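User: I would like to learn how to read contacts, ring pairs, salt bridges and strand pairing in a protein model. Please give the general idea each time, then the case at hand.

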Amino acid sequence: MKCVFSIPYQTNWGEEIWVSGDHSLLGGGKYEAAFPLTYTGSSVWEGEMVFPEASTKLTYFYLLKRADGTIVKEWGNGRILSWDQHNGEKILCHDYWFSP
């Protein structure tokens, strides 16, 4: 199953947005192994990932990696993505940053 992660976020020079989660392709909970997104312009960050057919559900969240190496996790417990709710070949996860 293909999944496109997309989030608008205004970063500063040298900062990046990454996706982390409980699936091994998203780092398995290790921030340093998260999936980096690509800046597409107009403050939007995107990335596409193909998950194996055996995957059925995952929890994910976004990280801000600052130029100095510090990592800021968005607020909350993350989002849940379930393949059972989708019957297409691609899922678009268009999200917004959770702030406290």
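User: Which residues does Phe-5 touch, not counting residues up to four places away in sequence?

Analyst: A note before the reading: this is a predicted model. Phe-5 touches Val-19, Leu-26, Leu-37, Trp-45, Glu-46, Gly-47, Met-49, Phe-51, Tyr-60, Tyr-62 and Cys-93, with residues up to four places away in sequence left out.

User: Is Phe-5 buried or exposed?

Analyst: The relative accessible area decides, and buried means under 20%. Phe-5 has a relative accessible area of 0%, so it is buried.

User: Which residues of the largest nonpolar core touch the most other members?

Analyst: The core has 21 residues, and those touching the most other members are Phe-5, Leu-26, Leu-37, Tyr-60 and Tyr-62. At least two residues of this core come from each of S1, strand S2 (16-21), strand S5 (44-50), S6 and strand S9 (90-94). S6 gives the most, with four residues.

User: How many aromatic pairs does a search of the whole structure find?

Analyst: The search finds six aromatic pairs. To classify a pair, look at the angle between the planes; over 60 degrees counts as edge-to-face. The rings of Phe-5 and Tyr-60 have their planes at 65° and their centres 5.1 Å apart, so this pair is edge-to-face. Phe-5 belongs to strand S1 (residues 2-8) and Tyr-60 to strand S6, and the pair links distant parts of the chain, 55 residues apart. Tyr-60 is buried as well, with a relative accessible area of 3%.

User: What is the geometry of the pair formed by Tyr-39 and Trp-45?

Analyst: The ring centres of Tyr-39 and Trp-45 are 5.3 Å apart and the planes are at 65°, so this pair is edge-to-face. Tyr-39 is partly exposed at 44% relative accessibility, whereas Trp-45 is buried with a relative accessible area of 5%.

User: Which residues form one aromatic cluster with Phe-5?

Analyst: Phe-5, Tyr-60 and Tyr-62 form one aromatic cluster.

User: Where do charged ends sit over rings?

Analyst: Two cases can be read here. The charged end of Lys-73 sits over the ring of Phe-61, 4.6 Å from the ring centre. The charged end of Arg-79 sits over the ring of Phe-98, 4.1 Å from the ring centre.

User: How many salt bridges does a search of the whole structure find?

Analyst: The general idea is that side chains of opposite charge can pair when their charged atoms come close. In this structure the search finds four salt bridges. In one of them, Arg-66 pairs with Glu-15, the closest N and O atoms being 3.9 Å apart. Arg-66 lies in the loop between S6 and strand S7 (71-73) and Glu-15 in the loop between S1 and S2, so the pair ties together parts that are 51 residues apart in sequence. Arg-66 is partly exposed, with a relative accessible area of 38%, while Glu-15 counts as buried at 11% relative accessibility.

User: Which residue forms a salt bridge with Lys-90?

Analyst: The partner of Lys-90 is Glu-48, and the closest N and O atoms are 3.6 Å apart. Lys-90 lies in strand S9 and Glu-48 in strand S5, so the pair ties together parts that are 42 residues apart in sequence. Glu-48 is partly exposed, with a relative accessible area of 40%.

User: Which residues does Lys-65 touch, and in which strand is Lys-65 found?

Analyst: Lys-65 is found in strand S6 (residues 57-65). Lys-65 is buried, with a relative accessible area of 14%. Its contacts, not counting residues up to four places away in sequence, are Gly-14, Glu-15, Glu-16, Trp-18, Tyr-31, Glu-32, Thr-70 and Ile-71.

User: How do I read the pairing of S1 with S5 and S9?

Analyst: Read the direction and the number of bridges. S1 and S5 run antiparallel and are joined by seven bridges, with Lys-2 opposite Val-50 in S5. S1 and S9 pair in the parallel sense over five bridges, and Val-4 stands opposite Leu-92 in S9. Five of the seven residues of S1 are buried, so S1 is largely enclosed by the rest of the structure.

Technical notes: Residues are numbered from 1 along each chain as its sequence is written. This is a predicted model: local features need pLDDT of at least 70, side-chain atom pairs count only at pLDDT 80 or more; totals for chains, interfaces and linings use all residues. Side-chain values use heavy atoms; hydrogens and water are left out. Buried means under 20% relative accessible area, exposed over 50%, partly exposed in between (1.4 Å probe, protein chains only). Contact means heavy atoms within 4.5 Å. Rings of Phe, Tyr and Trp (its six-membered ring) pair if their centres lie within 6.5 Å; planes under 30 degrees apart count as stacked, over 60 as edge-to-face and the rest as tilted. A charge sits over a ring if NZ of Lys or CZ of Arg is within 6 Å of the ring centre and within 35 degrees of the ring normal. A nonpolar core is a set of buried Ala, Val, Leu, Ile, Met, Phe, Trp, Tyr and Cys residues joined through side-chain atoms within 4.5 Å. A salt bridge is a side-chain nitrogen of Lys or Arg within 4 Å of a carboxyl oxygen of Asp or Glu. Two strands pair if DSSP finds at least two bridges between them.
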